[in-house]
Amino acid sequence: MKPKSKNPATKKIAKERISALFAQAKQAFPEHPDRSNRYVELARKIAMRQRVRIDRELRRQYCHHCYAFLVPGSNMRVRVHDGNVVVTCGSCNKKMRYRVVRPDAGTK
């Protein structure tokens, strides 16, 4: 197995490539949804190989069960329930829950 790269420049390049792949997935989704799913798969492989985390806003753009690229109103459903955002994938029908933190909760 190839040793882990200790150069921080490779991690920076990996993050740039991941964000570029998500941008291409967003652009390609209307005509080619399968191609955008492939871009998500490639971005995940880069992140795993270089051991970098995918940013939160990008992580919430794909299904964590079937790895499909998600677009609201097209292949995903978004609901708010008991302080959680519940995202339902249109491909595999699985649900992902994200906690909603209100920024003004501690001011009273």
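In this predicted model, helix α1, spanning residues 8–28, and helix α2, spanning residues 33–50, have axes that come within 8 Å and cross at roughly 170°. Since angles over 145 degrees count as roughly antiparallel, α1 and α2 are therefore roughly antiparallel to each other. On the α1 side the contact is made by Thr10, Lys11, Ala14, Arg17, Ile18, Leu21, Phe22, Gln24, Ala25 and Ala28, and these residues meet Pro33, Arg35, Ser36, Tyr39, Val40, Leu42, Ala43, Ile46, Ala47 and Gln50 of α2. Sorted by class, the contact of α1 with α2 has 13 nonpolar, 4 polar and 3 charged residues.

The structure holds 4 aromatic pairs, and among them is the pair of Phe22 with Phe69, which is tilted, with 6.5 Å from centre to centre and 45° between the planes. Because Phe22 lies in helix α1 while Phe69 lies in the loop between α3 (56–59) and β1 (76–81), the pair ties together parts that are 47 residues apart in sequence.

A search of the whole structure finds 1 cavity of 30 Å³ or more, and the space in the largest cavity is about 30 Å³.

Key. Residues numbered from 1 in each chain as written. Predicted model: local features only at pLDDT ≥ 70, side-chain atom pairs only at ≥ 80, totals over all residues. Heavy atoms only, no water. 1 Å grid on protein atoms, 1.4 Å probe; cavity = no way out; pocket = protein on both sides within 12 Å on 5 of 7 lines; lining within 4 Å. Points joined across faces, edges and corners; volume = space filled by probe spheres on them. Axes fitted to C-alpha atoms, helices over the stretch in contact; angles between N-to-C directions. Helix = DSSP H or I, 4+ residues; strand = E, 2+ residues; numbered from the N terminus. Parallel < 35°, antiparallel > 145°, perpendicular 65-115°, else oblique. Contact = heavy atoms within 4.5 Å. Nonpolar A, V, L, I, M, F, W, Y, C, P; charged D, E, K, R; others polar. Phe/Tyr/Trp six-rings, centres within 6.5 Å; stacked < 30°, edge-to-face > 60°.
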